[in-house]
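Colleague: I am new to this structure. Please take me through it in short steps.

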Amino acid sequence: MTLAASFQKYTLKFRFEAGTSRGVMRERDTYFLKVWDGETPDHAGLGEAGPLSGLSPEFEEVTLHLTSLCRSIQQHQLPTSPQQIPELVHHLVKPEAPS
């Protein structure tokens with residue numbers, strides 16, 4: 001069973017001013033990643049990538065990283081056991097990729 005993946009940007013609107021070392025934030029962008037069995041879309045997992053603008057060096061390239069990750073995921077099969085998941089993640093997420 002081949003995996004499928006997509007991501008969606010979502011802007012969080014704060015109800016308060018969130019202070020950071022670089023000023024005050026009133027909103028921030030986050031990205032939700034969905035991975036599922038291509039044959040059974042109801043079996044899915046969700047994750048989040050939430051780099052901070054001005055604080056995370058990878059922020060400007062987050063959509064490029066996520067697009068590349070989704071393409072890579074779609075070239076793999078669904079693991080047949082939980083023990084195979086860490087190996088797949090290690091293969092998909094290179095050490096030089098943003099955390």
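Modeller: Start with a term: a nonpolar core is a set of buried Ala, Val, Leu, Ile, Met, Phe, Trp, Tyr and Cys residues joined through side-chain atoms within 4.5 Å. Buried means under 20% relative accessible area, exposed means over 50%, and partly exposed lies in between (1.4 Å probe, protein chains only). This is a predicted model: local features need pLDDT of at least 70, side-chain atom pairs count only at pLDDT 80 or more, and totals for chains, interfaces and linings use all residues. Residues are numbered from 1 along each chain as its sequence is written, and side-chain values use heavy atoms, with hydrogens and water left out.

Colleague: Which element gives the most to the largest nonpolar core?

Modeller: The largest core holds 8 residues: Leu3, Ala5, Leu33, Leu69, Cys70, Ile73, Leu88 and Leu92. Two or more of them come from each of β1, α1 (62–73) and α2 (85–92). Helices (H or I, at least four residues) and strands (E, at least two) are DSSP runs, numbered from the N terminus. With 3 residues, the top contributor is α1.

Colleague: Which residues does Leu92 touch, not counting those up to four places away in sequence?

Modeller: Leu92 is itself a member of the largest core. Contact means heavy atoms within 4.5 Å. On that basis, Leu92 touches Leu69, Ser72, Ile73 and His76.

Colleague: Over how many bridges do β1 and β2 pair?

Modeller: Two strands pair if DSSP finds at least two bridges between them. A hairpin joins β1 to β2 through 2 residues. Ala18 stands opposite Met25 in β2. The pairing is antiparallel, and its bridges number 14.

Colleague: What angle lies between the planes of Tyr10 and Phe32?

Modeller: Rings of Phe, Tyr and Trp (its six-membered ring) pair if their centres lie within 6.5 Å; planes under 30 degrees apart count as stacked, over 60 as edge-to-face and the rest as tilted. That rule gives 3 aromatic pairs. One of them joins Tyr10 in β1 (residues 3–20) to Phe32 in β2 (residues 23–37), 22 residues apart. The centres are 6.1 Å apart, and the pair is tilted, at 50°.

Colleague: Why does Pro79 count as partly exposed?

Modeller: Pro79 is found in the loop between α1 and α2. Beyond its neighbours within four places in sequence, Pro79 is in contact with Gln84, Ile85 and Leu88. Pro79 counts as partly exposed because its relative accessible area is 24%.
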